[in-house]
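Colleague: I'm new to this one. Could you walk me through how to read it, one feature at a time?

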Amino acid sequence: MPQIELAGALPGPVAYVLAGGATFGATQVGHVRALGETDIHPDFVVGTSVGSLNGAVLAEDPAAAPARLTELWAEVTRQEIFGTALNHAVNLATGKPSVVPNDGLRAFIEKAISARDFSDLALPHTAMATDFDTGRAVAIDEGDLVSALLASAAIPLVFPEVERAGRRLVDGGLVANVPISVAAGLGARTIVVLDCGFTLMPPTRDGTYTDRLLRTAAIMASQQVRRDLESVTDRTVLYLPGPWPLKIRPDDFRSSTEIADKTFGMTMAWLHALDPQGPGRYGAAPTDALTKSDPLPLPDPKERAAER
């Protein structure tokens, strides 16, 4: 029996929306574990980038997803997905179109799920990508599943683009990092948002190229979230909490279990106190912190260096 009964207060259909955020996706492990302690069951799933992968695990077997995601995220390493710095340098020096080949990511996806086609999943799942030629969001919900997840997570310059149906596809986070409006467009009346907190990427004192690039991407993504939330005021939106901002780089998996455990505890406490009373947003989005008058604290550069 579930510990927390909420389904009776939530209109259907219910969609789980899983945001992009690379290794920040460890938060979604805690979210899924906590939701598994409720009587809420998604009717369909929408995911972007790492959220599309976590979402595929969830859509393949909702009951087994908490344990499966916990196992996967406890084992994955940076080298497994991104390779080594030497390989990066070689790829850059030889003019390769991306710093990292997607072989490691493909192997991880194929290990994470048994399904190879969207029709193999127990729940409908939509993976968001971006058409690199037109800049339009592309919702993929049929056909080959592995290539769809690769496209959804194909960070430009980092991973190679993926061609599907004559389109050059890259990471969906460029235009729909938290695809709330997509779920609404698919008919969801209750939208459960599993954000990674990527939009709360704080400025840093060291000002490296990587940090500036990540900060730029986070600012762009935050605008999309605000627009989407403004468009779904007639829906019930459960915005699950997380330990934001995360003090890790989005390519560092070493704190995944700790992040998942902390998110689980925060989400369980939040769900126990939740009392939905009709349409509206319940819970704070990471982007809410960016509208406050108090500036975000700047991380200490020595602390950042130690984390790397």
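Predicted model: local features only at pLDDT ≥ 70, side-chain atom pairs only at ≥ 80, totals over all residues.

Colleague: Which residue does Asp261 form a salt bridge with?

Modeller: Its partner is Arg33, and the closest N and O atoms are 2.9 Å apart. Asp261 belongs to helix α11 (residues 256-273) and Arg33 to helix α1 (residues 26-35), so the pair ties together parts that are 228 residues apart in sequence.

Colleague: How many salt bridges are there in the whole structure?

Modeller: A search of the whole structure turns up 12 salt bridges. One of the others joins Lys111 to Glu80, with 3.3 Å between the closest N and O atoms. That pair also links distant parts of the chain: Lys111 sits in helix α6 (residues 103-112) and Glu80 in helix α4 (residues 78-82), 31 residues apart.

Colleague: And are Lys111 and Glu80 buried, exposed or partly exposed?

Modeller: Lys111 is partly exposed, with a relative accessible area of 38%. Glu80 is partly exposed too, with 27%.

Colleague: What about Arg168? Which residue does it form a salt bridge with?

Modeller: That would be Glu161, where the closest N and O atoms are 3.3 Å apart. Arg168 has 31% relative accessibility, so it counts as partly exposed. Glu161, at 35%, counts as partly exposed as well. Salt bridges can also form a network, and here Arg78, Arg249 and Asp251 are linked in one.

Colleague: Let's turn to helices. What should I know about them in general?

Modeller: An α-helix has 3.6 residues a turn, so residues three or four places apart point the same way. In this protein, the secondary structure comes to 12 helices and 9 strands.

Colleague: How many residues of helix α7 are buried?

Modeller: Helix α7 (residues 145-152) has 8 of its 8 residues buried, so it is largely enclosed by the rest of the structure. Leu145, Leu149 and Ser152 are among them.

Colleague: And how many residues of helix α2 are buried?

Modeller: For helix α2 (residues 50-60) the count is 10 of 11, so α2 is largely enclosed by the rest of the structure. The buried residues of α2 include Val50, Leu53, Asn54 and Val57.

Colleague: What share of the protein's residues is buried?

Modeller: Buried residues make up 52% of the 308 residues.

Colleague: Which residues make the nonpolar surface patch of about 230 Å²?

Modeller: Phe132, Leu174 and Val175 make that patch. Phe132 lies in the loop between β3 (125-131) and β4 (137-140). At 38% relative accessibility, Phe132 counts as partly exposed.

Definitions and conventions:
Residues numbered from 1 in each chain as written. Heavy atoms only, no water. Buried < 20%, exposed > 50% of the residue type's maximum accessible area, 1.4 Å probe, protein only. Helix = DSSP H or I, 4+ residues; strand = E, 2+ residues; numbered from the N terminus. Salt bridge = Lys/Arg side-chain N within 4 Å of Asp/Glu carboxyl O. Patch = residues over 30% accessible without salt bridge, like charges linked within 9 Å, V, L, I, M, F, W, Y side chains within 5 Å. Areas by Shrake-Rupley, 256 points an atom, 1.4 Å probe, with all protein chains shown as cover.
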